[in-house]
Amino acid sequence: MTNENEIRTAIDNARLTTRLAVIGWIFSLAMLIITAVLNAYRGGNVFGLAVIPFGLATLFGLAAMIYGMLATAAAQESEEKILLARRRANTNALDVEEDVRFTSGRSFENYSRFAPYVLAVTGAIITALVLLFSWRSWGSTNAGITGSAIHSALIAAVMMLLSVFAGAFYIGQSRTPAFRWLRSVGANLIAAFAVLAAATITSICFHSNLTSVDGTVAKIFFWIFAVLGAEFITNFIIEFYRPRTMKETRPVFESRLLALFTEPGGVMRNIASALDYQFGFKVSGTWLYSFAERSFFPVIIGAGAIFWAFTMIHEVGPDQVGVHERFGKVVKRELLKPGIYFTLPRPFGNIRTFSCTELHRVVIGEVSDDGTDTSRVRGKGETSRVVLWTEEHGKSDDNFIVAVAPEGKRSPETEAASISFVRMTIPIRYRIRPEGVFSYAYDNVDVPRTLMFIGEQAATEYLASSDMMAVMSTARNKAEEAMKKRVQALADARNLGIEVVSLTILGAHPPAGEVAPAYQNVIGAMEEKETKILEAQAYAAKTLPQSEAQARQFIADARAYDYKVRTVAAAESERFTTLLRTYRIMPSMFILRSYLEFLEQDCKNMRKFVVSAGLGNEVFQFNFEEKERLDLIDTDITQLTNKK
């Protein structure tokens, strides 16, 4: 009866596992679809990473559902075997082999043995693919929350509550060994709860213009999931070398790292369970582990106290000055020189340090979508693009009023001042004066913000009486120097305790809209004009030297030709004079020699015939070439025959 009761209990547990797995699979799949759809339309780097735990929960929920179905069939098969054995005993029937009929148990055993390995590899692949897609999307686009940040926070909060309740239920249910396969579903739902909780906070920060928080938190979760993905592969490899016990309860795809924070029973018990499972014997029963368990929290408390005591030690760097504070108030209004100092532990005592050489920066005017100035120099690996005046590329709507120089004569009716608007990016760099540290830190609430207002005031005062085209081009250095002096004077009047190091005008252009295209056309025409002028100058610089070189070449060629003609003519004249003198001395010999030279030189490659003037029509042809060898063909057979 006991065996039958255990089988009935196993059947009930397996059926319950199947039902719970079906519910968890449907819930995880629904949350996965909702997360993917909302992330595509609303954005959010952290919110998008919730796809990983929901996807893993869906995978493990499907695996647990199949596990429950096979376990139910195997338990029912065991029950049928008991009934068949009892029937055989009562009827004295022959023992017949039933292995062909009962296969559910073997299928369940094979699934329990090999499926965890497949699930571990599949979980690692899913994690890697989602992380790779997220990394590429962060690098190629300016990712962020595109919709309402408050709505995104509300949606993430609702999904967070649903995930934590479902995850806690499945982890609590998995305390029983029969429901062990549901623990991975619950652990990943708890992980999704952590991601969605962070997404809720980052959405609220995004609504408060803290846009960088979302990217920073997303990178933290990125590396956390990368470690969890690597754990799948690590467990897969270690499982082949781990000692086996008689009863294996932890599947290989179950995360040990998540178990430290999601399983019931406390951190130390989870660590002990993981060690017992990994080493194949009860490590938690050794004296070393017992000592570690007893001394764990005292050591943590002692280490925390030591670290808290270290907060009494403070260092003022070589390029810094310090101010001693006690209970939030300045002890003595004197600057501390570089060195080591001791105070009460935080938060009761502190030494604030300030650098009088470090440059600080505020930006006036137009800023980019990520909160920096539009002309910021990008670092290595960052992409940059060319932005025209006609494109909206900043978040500031502040336009500075500038004057426009009059063109031509004006009538008294049109003597009104002509003004225009211009957008600028004006970064101001400053440092703290040593004598102004207390004014900077304690006499003013927010010096950078105050300096920004002062810079806007100085820029508005100067630009209102300046020519627009001059400020945008030739008179920029003059404008920078004048505004820098004005900002420094206003900062000294308000006792900010700073020294303005530089003020630079960057990215000056008219507002995007109807005015910008006209300015763009004017600037384009001016640039085209300058281009044509430079091209003409380049052509002149190229053509004139080339013409001079050709003229000199022609003169040199003419002189060479003149020298050649004169010299050759003189030589020919001298030659004919010499020949005439020779002819006069011996005419016949001169003619014969000239004739023979003609035959020798000009007719050396021609066949020659010697014709006698007194032999009539007979022609004799002589071949004076010598043959190298005599052939039989060359023999005169007729002469030999006549001799005989």
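1. Ser-439 counts as buried, at 10% relative accessibility; buried means under 20% relative accessible area, exposed over 50%, and partly exposed in between, with a 1.4 Å probe and protein chains only. Ser-439 lies in helix H11 (residues 437-441). Helices (H or I, at least four residues) and strands (E, at least two) are DSSP runs, numbered from the N terminus. Not counting residues up to four places away in sequence, Ser-439 touches Asn-444, Asn-495, Leu-496 and Gly-497, where contact means heavy atoms within 4.5 Å.

2. On provenance, this is a predicted model, in which local features need pLDDT of at least 70 and side-chain atom pairs count only at pLDDT 80 or more, while totals for chains, interfaces and linings use all residues. Residues are numbered from 1 along each chain as its sequence is written, and side-chain values use heavy atoms, with hydrogens and water left out.

3. Asn-495, one of the residues touched by Ser-439, deserves a separate remark. Asn-495 is not a glycine, yet has a positive phi of about 55 degrees. This residue sits in the loop between H14 and strand S9 (498-503). With a relative accessible area of 42%, Asn-495 is partly exposed.

4. As to the chain overall, the protein has 17 helices and 10 strands. Of its 644 residues, 33% are buried. Among contacts between residues at least 6 apart in sequence, 75% join residues at least 24 apart.

5. Helix H12 (residues 447-463) and helix H14 (residues 476-493) have axes that come within 9 Å and cross at roughly 135 degrees. H12 is therefore oblique to H14. Axes are lines fitted to C-alpha atoms, for helices over the stretch in contact, and angles run from 0 to 180 degrees between N-to-C directions. Angles under 35 degrees count as roughly parallel, over 145 as roughly antiparallel, 65 to 115 as roughly perpendicular and the rest as oblique. The H12 and H14 crossing is right-handed; a crossing is left-handed if the near helix is turned anticlockwise from the far one by less than a right angle, and right-handed if clockwise. Residues making this contact include Leu-451, Ile-454 and Tyr-462 of H12 and Met-483, Val-487 and Leu-490 of H14. By class, the contact comprises 11 nonpolar, 2 polar and 3 charged residues. Here Ala, Val, Leu, Ile, Met, Phe, Trp, Tyr, Cys and Pro count as nonpolar, Asp, Glu, Lys and Arg as charged, and the others, Gly among them, as polar.

6. Helix H6 (residues 183-207) packs with helix H7 (residues 212-238) at an angle of about 165 degrees, their axes being 9 Å apart. H6 is thus roughly antiparallel to H7. The crossing of this pair, H6 and H7, is left-handed. Ala-194, Val-195, Ala-198, Thr-202 and Cys-205 in H6 meet Val-213, Asp-214, Val-217, Phe-221 and Phe-225 in H7. The contact of H6 with H7 holds 8 nonpolar, 1 polar and 1 charged residues.

7. Which residues does Ala-156 contact, leaving aside its neighbours within four places in sequence? They are Phe-47, Leu-196, Ala-199 and Thr-200. Ala-156, in helix H5 (residues 149-173), counts as buried at 0% relative accessibility. Its C-alpha atom is separated by 7.1 Å from that of Ala-197, 41 residues apart along the chain.

8. Lastly, on cysteines, the count comes to 0 disulfides, a disulfide being a pair of cysteine sulfur atoms within 2.5 Å. Cys-205 is buried, with a relative accessible area of 18%, and Cys-356 is buried at 14%.
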